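Subject: Two-chain model, handover and findings

Hello,

Here is the structure you asked for. My notes follow below it.

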Amino acid sequence: MISSRHRVFPALATFARYGALLVLVLAALGPTLWVVVSSFKNQSQILAPHGSVLPNPGTLHGYRDVFVEVHLDRYLLNSFIYSVGGTLGAMVAGLLAAYPTARLQFPFRHAFTIVFSLALAIPIIGLIVPEFFIMRDLGLLDTRIGLVIFYGAMFFPLSFVIQRAFLASLPYEIEEAAIMDGAGYFTILGRIIVPLARPGLVTVGVLVFIFIWNEFFFAQLLTISIDNFNIQLALAQFVSTFERNDTGALAGATLAMTVPIAAFLLLQRYVVAGLTSGSSR
Amino acid sequence: MIVTTGAPRRRPSTTTRRRRVSGGVPRGMGWGIALSLLPGTALVATFFLIPLGVVVATSFSHWDVVGASYTGLTNYRDLLSDSVFWHAARNTLIYAAAGIFLQIPLAIFVALILSRRPFGWRLFRTILFVPVVISGAAYALIFANFYNASYGPLNRIVESIGLGGHDWLFEVNTALLAVAGTYVFNIGFFMILVMAEITALPVAVSEAAVVDGASSLQRDLYVTIPLLRHVIGTCVLLSLLSSLSFFDIVYILTSGGPADATVSLTVYAFREYASGRWGYANAIGTVIVLVGFVLIVTTRRAFRLGSRAT
């Protein structure tokens, strides 16, 4: 940090501060930017050991390859199915469990709250073998619906914790009158709680969407046929087994990154709020 | 990469607010509540609790394609003398150390600068967060290119300042560093957490330090950073947990090689699973789950994270 004692050199202090920030931005994003820029090169430009940094001339060859030869649209579509379906599952199941545990009295309320919250502390990645066999025995292995259900389950605890905290922060009086009037449980949930729960739902929605879009491990474990691959598995294929197609690889990586980056930029406020409230516990 | 933990921090005083329904389940709502808890209960039971039970139970067995037979502590005894396991454990610790001693301090440094709200701070915050939402697989592909021995930019930079290039990911001496290098500058997540905490600090403390004539450096070192104890604890915990689950980048870039130089616990567990030694894989899985739990408990205690929660 720059000391304010150097008031004689305020310009120097500012310069050093921005210099440090720029160096870190470059370190954090340099390799990524290099890939994005290189995705507009052709094969020989990419492989030239001393070629220029900027594409010269620029080409969309990689983007053509990635759809025509690798059929990236298929994997992008799969990723959309998994992300949208899994996110909806986690959102709905999370809201349904969060509402009563946050706002109503019933037997074993604390037990449910503790078990659902503690599930968040289980490194699910350590449960590879049984997850595989359970999915196989349920007939869900290597199916799209199976992955949607699995992702819904995987992100249910996060969804529950965020939504429960949000619902608990609303004033109690909200549904009191409706309860006194004898309104049914799902009437109250649908008419009164859901409209108010929107910020919590959006936070969970954008976070879980990004997490599922980026998920690799369980996609790798639970899909076998290439038709069910998500975009992340397709990217991994570029590093190892797809026929050498460097232009396609860089274009594919650029396209795969665009979706979560766009989601983040559009809903930045919710992403930041969700991550800071969801993790500083 | 992103892990979240624990129970809500701010919890309203539930007992007083709910006194009016404290008599029991609101009339006619019992079935609604039960139905409402059903999906979550089914999902948690099927994909968390049962698998957890199976992992722990079968970690005491020899289990492969042929079948399972109880073997007591044999798997764990084997783990103790398994040099690859210890290598993976050591690497996992090194991955965590890179997070704790490089990534987190850099994040605090940037958060302290940006919290003074210099011109353009929002832009810097947004840009530095972008890498957080880029997937491990995309990162692996990016760095496979960045480290490429013949055309990768790293060798070009290194050679332009007169040093020798390396095949960074495939030489035993550089591979581990190269893998850690993929994320140490990915500081956005920790930066956001620290910035949120700085915003929540009482202004009076910092003002008192100014009145006492403290320079901004002194204020940061002796006033602000000690007050950030909780959030730094959270960052350390998250860093440990994410290296405990570290998989994508290692698996795609090196599969744990060369000569197990980069293998992590999860990559090793996956390798054992893939070669059909399921009982043994589950012993490693049990270790991962146990270490995860112990980490959460001890780190919360060390940084008194629990003191504000129930």
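I start with one residue of chain B. Arg116(B) counts as partly exposed because its relative accessibility is 32%. The cut-offs are these: buried is under 20% relative accessible area, exposed is over 50%, and partly exposed is in between, with a 1.4 Å probe and protein chains only.

Before the rest, the ground rules. This is a predicted model, in which local features need pLDDT of at least 70 and side-chain atom pairs count only at pLDDT 80 or more, while totals for chains, interfaces and linings use all residues. Residues are numbered from 1 along each chain as its sequence is written, chains are lettered from A and ligands numbered from 1 in the order in which they are written, and side-chain values use heavy atoms, with hydrogens and water left out.

Salt bridges

Arg116(B) forms a salt bridge with Asp220(B), and the closest N and O atoms are 3.0 Å apart. The rule asks for a side-chain nitrogen of Lys or Arg within 4 Å of a carboxyl oxygen of Asp or Glu. Asp220(B) lies in helix α11 (residues 216-227) of chain B and Arg116(B) in the loop between α4 (83-115) and α5 (121-129), so the pair ties together parts that are 104 residues apart in sequence. Helices are DSSP runs of H or I with at least four residues, strands are runs of E with at least two, and both are numbered from the N terminus. Asp220(B) counts as buried, at 4% relative accessibility.

Asp227(A) and Arg74(A) form a salt bridge, with 3.1 Å between the closest N and O atoms. Asp227(A) sits in the loop between α12 (217-222) and α13 (231-239) of chain A, Arg74(A) in helix α4 (residues 72-103), and the two are 153 residues apart. Both ends are partly exposed: Asp227(A) at 39% relative accessibility, Arg74(A) at 31%.

Arg136(A) pairs with Asp137(A) in a salt bridge, at 3.4 Å between the closest N and O atoms. Arg136(A) is partly exposed, with a relative accessible area of 44%. Asp137(A) counts as exposed, at 58%.

Over all chains the count is seven salt bridges. How many of them cross the interface of chain A and chain B? The rule finds zero there.

The interface

Chain A and chain B bury about 9,900 Å² between them, 75% of it on carbon and sulfur atoms. Buried area here is the accessible area (1.4 Å probe) that two parts lose on being put together, summed over both. The contact takes 112 residues from chain A and 106 residues from chain B. Contact means heavy atoms within 4.5 Å.

Helix α14 (residues 246-266) of chain A packs with helix α6 (residues 136-146) of chain B at an angle of about 145°, and their axes are 10 Å apart. Axes are lines fitted to C-alpha atoms over the stretch in contact, and angles run from 0 to 180 degrees between N-to-C directions. From α14(A), the contact uses Ala249(A), Leu250(A), Ala253(A) and Met257(A); from α6(B), it uses Ala138(B), Leu141(B), Ile142(B) and Asn145(B).

Next along chain B is helix α7 (residues 153-160), whose buried residues are Pro153(B), Leu154(B), Asn155(B) and Val158(B). They pack against α1 (10-38) of chain A together with α6 of chain B. Just after α7(B), Gly162(B) takes a positive phi of about 85°.

Chain B has 15 helices and two strands. Buried residues make up 55% of its 310 residues. Among its contacts between residues at least 6 apart in sequence, 69% join residues at least 24 apart.

Phe170(B) is in the loop between α7 and α8 (175-181) of chain B. Phe170(B) counts as exposed, at 53% relative accessibility. Not counting residues up to four places away in sequence, Phe170(B) touches Leu253(B) and Pro258(B). Its C-alpha is 9.4 Å from that of Ala259(B), 89 residues apart in sequence.

Leu140(A) is in the loop between α6 (128-137) and α7 (144-154) of chain A. Is Leu140(A) buried or exposed? Leu140(A) is buried, with a relative accessible area of 14%.

Best wishes
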